Structure formats: C-alpha cells, structure tokens
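Entries follow in the order I checked them.

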Amino acid sequence: METLQLIQNKITPNSSLLPPHLPQWKDMKVVFTNGCFDILHRGHVEYLAKAADLGDILVVGLNTDASVRRLKGEGRPVNNQEARALVLASLSFVDAVVLFDDDTPYNLIKTLRPDVLVKGADYQPEAIVGYDIVTSYGGTVTTIPLVKGYSTTNFIDRLNINQ
C-alpha cells in the first residue's frame, strides 16, 4: 500500500464512526487527546509524542472546521480539517485521528472509552472534558507540560495572518 494511503487510513472523518482499528486495540492501552491543531508546531509535536508514551495507541480527536470557528472565531482555522487531519496522521506515533463536530469531544470520549485522557497542563485534570467518564471506569486523566513559547495563536499573531 502507498504511504499516503496508509496515512489516510488513520483518519476517521466522523466521530459517530469508531476508528476501524478499535477492535484490534481491545487489549492495548488507548490514550486519547484532542484539539484544533491548526498549525502544527514543535509544541504540538512534543505534546503528542509525550501523550503517545503514556500507552500503546494514541487517538487524536480533531475539531472540524465548523467547531474550530465556533471556538476560535471566523478567522480560524487557517488550515482546513482535511489538511490538519493528514498532517496529524502522518506522525508515526499517532495511530488514529477522529474528527468531531461538537464543541467538546465528550461524546467521542464516551464512545471510545480510552484508558488515558490527556490534555495540556494549562488544564486541571478535574476540569478536562471527559474526566467523569474516564475515571468512572478506572481510567486515568493526566496533563502534560506545554512547551514554553509555542502557541498557534501567538504564531498567527506574529505572522499577522488575521490583520
């Protein structure tokens, strides 16, 4: 199979569908995180790599374009959902990318039932969307320190993209 097809096979375009590989992962430790990942940068890569180290499988929930616009405003996203999903899926340590259209991944987390839920350390674990779900069945919720100086919003501001 061609490399591009292997990358595209990691992408699930609708959160109402489970990643097709899910049954194969039943005896593995599944880690879940989510975000907009509008312009992938060093902070994202380090964060995702550390998240992947917390288990066997890393699933990334990706906000759709409509969801990003609702959360970040009309100027966002800079890159469309197909481009963002492809870039994320191309990372060797990302096993699946699942797009979701809700403002939060709550329903996706409920469906996926990850063993580990991860967000950046700018969140308190108890305030992370899905905390109640994951802890109800004995899963863990953890945070990863952010890489100082790396933020998509700051990057966009430096480029003056929205001005």
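Predicted model: local features only at pLDDT ≥ 70, side-chain atom pairs only at ≥ 80, totals over all residues.

**Strand pairing**

I started with a residue pair: Gly 120 stands opposite Ile 144 in E6.

E5 covers residues 116–120 and E6 covers residues 140–144; the two run parallel, and I found 5 bridges joining them. Then I checked what goes with them: helix H6, residues 131–136, forms a right-handed β-α-β unit together with E5 and E6.

A reminder to myself before going on: most residues other than glycine have a negative phi, and most peptide bonds are trans. So I went looking for exceptions to that.

Which peptide bond is cis? I found that one joins Arg 76 and Pro 77, with omega at about 0 degrees. I placed Pro 77 in the loop between helix H3 (65–72) and helix H4 (81–89).

Phe 37 sits in the loop between strand E2 (30–35) and helix H2 (42–52).

Arg 113 went on my list too: it is not a glycine either, and its phi is positive at about 55 degrees. I traced Arg 113 to the loop between helix H5 (106–112) and E5.

**Accessibility**

Is Phe 37 buried or exposed? Phe 37 counts as buried because its relative accessibility is 7%, and the cut-off for buried is under 20%. I then looked up Arg 113, which has a relative accessible area of 49% and is therefore partly exposed.

Technical notes: Residues numbered from 1 in each chain as written. Heavy atoms only, no water. Pairing = 2+ DSSP bridges. Helix = DSSP H or I, 4+ residues; strand = E, 2+ residues; numbered from the N terminus. Right-handed = clockwise from strand over helix to strand, strands pointing away. Buried < 20%, exposed > 50% of the residue type's maximum accessible area, 1.4 Å probe, protein only.
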